[in-house]
Amino acid sequence: MKPSPDELAGSPAAHADEHLDLSARNSRTGLWLFAIYLAAYVVFVGMAAYAPETMGQPTPLGPNVAILYGFGLIFGAVLLAMLYMLLCKLNADRFAREGGGK
Amino acid sequence: MIYSPSPLAIGVFAFFVLVVLGISFYLGAKAKSASGYYAAHGQIPWFVNGIAFAGDYLSAASFLGICGMIAFYGYDGFLYSIGFLAGWIVALFVVAEPLKRMGKFTFADALDSKFHSKGIKLSAAISTLVVSIFYLIPQMVGAGALIKPLLGLESYQGVILVGVIVIVIVVTAGMVSTTWVQFIKGALLVLFCTILTGMILMRGLNVDEAFGQHDKRMRESPEDRTLLNGTCPRENLLNDPGYEVLPPTGDWATDRGKAYLRIRERKTGVLSIWKGGDSGHFGGLFTRVQYKSRGNDGAAMVNGRRQGIGADETDLQPVGYVWDISGQKSTGPLNPFMFIMELQSASLAVPRSEKFKDQDNVETTVFFNRYVKGNELLTPGASPTFAAIRSDLYSTAGTTKVFNWKVFFSRLDILSLMLALFGGTASLPHILIRYYTVKDQASARKSTMVGIAAIGFFYVLTLFLGLGAMTSGVLDPTDSNMAAPLLARSFGELPFAVISAIAFTTVLGTVSGLILAASGAVAHDLLTSFLKMELTDHEKVRAGKIAAVVVGAIAIVLGILFKNFNVSFLVGWAFNVAASANLPALVMLLFWKGTTKQGITAGIFAGLFSSLAWVLASGEAYKNIYGLDPTTALVPFSQPAIVTLPLGFVVLIVASLLTQPKALEQKETK
């Protein structure tokens, strides 16, 4: 089960979050997730500018490619943000197990 | 269109504004120190801050502008929604936490935390001021547009009203009250838009009855000239002795003007305008269209009569209809997916307009319907700005292939806009200062996540609100910004009053955040850090308040001057300027150790001034600011980011490389 944001805020690991080593780990995690989203965004923008007719094609789900891709980017951003919270929590737990950077 | 104010709308509006002011005064009493004024003591709970992010971000442009763009142009408006949200990914994954770690009150603090350079303070403060003011203009214009139907005031009066209320809010309390106002407004906006979307889905799609009957009558009797959208063969219009055909003069003699016929009825003197060619839903017939111009006495004229609600007067008819849904009259309630699917296969009449200047300089705006299949509107390229992307890059003239520069630049324009939206969010000063209102990096991260969830959900709603407005026969053909409030009015006066009041508080909240960011830049970065003025804590707050009044006054003046601009378009420009000026400095400072203070200063100035210059030299500025022919503009497309953002990076890197030896010398002497 995923921890709620409140549980994350209250966890002892959250307080070690200001440590530079942990910040660096979180930064790396963030950049990976950023790269994933950037790739999806670049493909979307490229299709909008260079293949609008492909964007108008129907999909088996009903709505066309443009609508589904657009919704995908919006919900994808929310999901990646949640995933990032979870990964930061895991980073913090591992960091605490390793002795909190001492 | 003429709007008559309703007492209910005024009552609800007054209630909202008074509650907002009440909160400001109450919380203002609690924030006396500089850290309280600018950063709410760093003690705002992360969830509240997250919703306040949404409140800050979902400005008049997001709400009014995007709904309007979707209602008029379909998917091209939704591109803005997607770009605006995607920008948060940059904020969350790249800049949020490092910025929180480095800064104190302002964006300049964060950039300067490593170098303590006067140059960085000056450039960051100027950039903050310029971007904030640029972003303020559309908010003020939106306020003016909104106040007109709500209270029956002129738009300049609306701008002054917003300016004064916001200055009072900012001067009384600073960041604490601004945050709570944004929290309340953000939550209300998402809640009421959800309710409105529910109402749209419950209503489903309906063929407009009046329009359907009218369509039928036109087909049976195409000679009926008294009705708007009436149709007639060209020969009959030209040869009727009861009518006089005006010769094409001025813009009417150009290629696009030749698609129209202007006919004056001899008996009444009333002029009607007919459009042929591509509006050809009615075959090769000419269609009677709506138009607006000025009479000899300067009074507004609509369809040849004085505009008004009196006996001899007339007004523009609302537009935006469904005229066929696979032969059904109504779909009944639909789920969100079915709503999109039914719309894709429906046939719609969407509003379009064109402006013509006659030889005597009298300007006439013609409003006509474009008859399209829904799927065409739910695909990129339905708006005039991006229409060229649907054409081929090469056209054939005889046997030779010709490279089509218009298509090429149109594609660059769309790429540039999406780049600006992606990079602009994380570079907006009023968004950046919100990272200083929470206590630590973890809270910064969590509040960003809450913000992304609220904003993402809202942008999904904007699609349905825009499409709902497009198909409800309520659009004002002269003003796309009014789409959302008019959609609400189609459900009754109360939803209209509530949505308008929320939209107005949206403007209030965003404008106060922006003025606060700008006043922080002046009082903290320019006076204290750059000019080294010795200010006590109390004086610092007072300086900020004086700056807030000045910036607010500037915003009022600009809001009145720019009132004819499209709100979303102006926001797009603000994002271009913000991304070009601030993003290279933020990113390089975080990820390149070779960055120098001279590099940052040069990068900020290069991005800021090049994007500003580009914007002012673009076709849109030629058309809307200087009244010149947009085809003679100095730059080939209107969104600068694809050129000026890389330029900011290049200047920063080159300047840093050129100033490296100093750093090496310092190392050696150590």
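Contact here means heavy atoms within 4.5 Å. This is a predicted model, where local features need pLDDT of at least 70, side-chain atom pairs count only at pLDDT 80 or more, and totals for chains, interfaces and linings use all residues. Residues are numbered from 1 along each chain as its sequence is written, chains are lettered from A and ligands numbered from 1 in written order, and side-chain values use heavy atoms, without hydrogens and water.

I start with N582(B). This residue lies in helix α20 (residues 567-591) of chain B; helices are DSSP runs of H or I, at least four residues, numbered from the N terminus. Buried or exposed? N582(B) is buried, at a relative accessible area of 0%, where buried means under 20% with a 1.4 Å probe and protein chains only. Setting aside neighbours within four places in sequence, N582(B) is in contact with F107(B), S127(B) and S427(B).

Next, helix α16 (residues 441-470) of chain B. Its 30 residues reach 43 Å from first C-alpha to last, close to the 44 Å expected at 1.5 Å a residue, a span counted as 1.5 Å times one less than the number of residues. Of those 30 residues, 28 are buried.

What packs against α16(B)? Helix α5 (residues 75-102) of chain B does, at an angle of about 180 degrees and with the axes 10 Å apart. Axes are lines fitted to C-alpha atoms over the stretch in contact, and angles run from 0 to 180 degrees between N-to-C directions. The two helices are therefore roughly antiparallel, the word for angles over 145 degrees. Residues making the contact include W88(B) of α5(B) and Y459(B) of α16(B).

Methods. Buried < 20%, exposed > 50% of the residue type's maximum accessible area, 1.4 Å probe, protein only. Parallel < 35°, antiparallel > 145°, perpendicular 65-115°, else oblique.
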